[in-house]
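Biologist: I'm new to reading protein models. Could you walk me through the strands, sheets and pockets of this one?

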Amino acid sequence: MTLLGGGDLNPADLAESLSLAPKLVAADSGADAALSLGYRPCAVVGDLDSISDHARVSLPDGAFIHVAEQESTDFHKALSRIDAPGVLALGFTGGRSDHELAAWHTLMAQRAPRAIVLGGADLVFLCPADLTLRLPIGTRVSLFPLAPVSGTSQGLEWPIDGLDFAPGRRIGTSNRSVAASVRLTMDAAAMLVILPKAHLRIVSAALF
């Protein structure tokens, strides 16, 4: 499934996401972004405080899922109500830094369904316990912990075996693949993987 927020959006990214996951859901003002590009979301989820009147009247009443609570973001509200093997999420990065940080929090807090967030240059996802990716040699592979986590790696220039990662202590950005297959294992669901978004199809096939 493709999930669209109201943040920065590259129309080409949305088109590619829909080619992989044709069903489109919007998070609040993501409905306006979808309609402006000629797409009609099958559902709109959120507190609905930022959707336009135009979007409200352009979609049937049954498309709206109003979640009134204010303790979670619209990304979290939408992701927690999606029943799908995986989600490609766009429009949740860029602009405000607090919104972007909240998106990374959501990836850890709401682990199902698995989600890949597309941004301006990268894609970001929460690493599962065991992950194998067939990436071109020389691909940038960045790892960023959201909580204490350790793991192992195969196919990275700088192996992570025996390292303890944690915010404020150790991160693993700007590593690089040196083999056709990269394998990562993690002892906790707390590590973000950041890759160039050109590898979306490889990552979505591995995760979903």
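Modeller: Happy to. Let's begin with pairing: two strands pair if DSSP finds at least two bridges between them. Strands are DSSP runs of E with at least two residues, helices are runs of H or I with at least four residues, and both are numbered from the N terminus. Here, strand β10 (residues 149–154) and strand β13 (residues 182–186) run antiparallel and are joined by four bridges. Ser153 stands opposite Leu184 in β13.

Biologist: What should I know about the model before I go on?

Modeller: It is a predicted model, where local features need pLDDT of at least 70 and side-chain atom pairs count only at pLDDT 80 or more, while totals for chains, interfaces and linings use all residues. Residues are numbered from 1 along each chain as its sequence is written, and side-chain values use heavy atoms, with hydrogens and water left out.

Biologist: Which sheet do β10 and β13 belong to, and what is its strand order?

Modeller: They sit in an open sheet of four strands, ordered β8-β13-β10-β11, with antiparallel pairing. At its edges are β8 (130–133) and β11 (164–165); each has a single partner strand, so one side of each lacks a neighbour in the sheet.

Biologist: And how many strands form the open sheet with mixed pairing?

Modeller: Ten, in the order β4-β3-β2-β1-β5-β6-β7-β14-β9-β12. The edges here are β4 (64–66) and β12 (172–176), again with a single partner strand each, so one side of each is left without a neighbour in the sheet.

Biologist: In which sense does β6 pair with strand β5?

Modeller: Strand β5 (residues 86–90) and β6 pair in the parallel sense, over four bridges, with Leu88 opposite Ile116 in β6. A crossover is right-handed if, with the strands pointing away from the viewer, the path from the first strand over the helix to the second runs clockwise. That is the case for the β-α-β unit made by β5, α5 and β6. On to β7: it runs antiparallel to β6, joined by three bridges, and a hairpin of three residues links the two. Val124 in β7 is the bridge partner of Val117.

Biologist: Why is β6 largely enclosed by the rest of the structure?

Modeller: Buried means under 20% relative accessible area, with exposed over 50% and partly exposed in between (1.4 Å probe, protein chains only). Four of the five residues of β6 are buried, so the rest of the structure largely encloses this strand.

Biologist: Last one: how do I read a pocket?

Modeller: On a 1 Å grid over the protein atoms alone, a pocket is an open set of points where a 1.4 Å probe fits, with protein on both sides within 12 Å along at least five of seven lines; lining residues have an atom within 4 Å of a point. Grid points are joined across faces, edges and corners, and the volume is the space filled by probe spheres set on the points. The largest pocket holds about 480 Å³. Its lining has 25 residues, with Thr73, Asp74, Phe75, Phe92 and His99 nearest the centre. Both α4 (74–79) and α5 (97–109) supply at least two lining residues.
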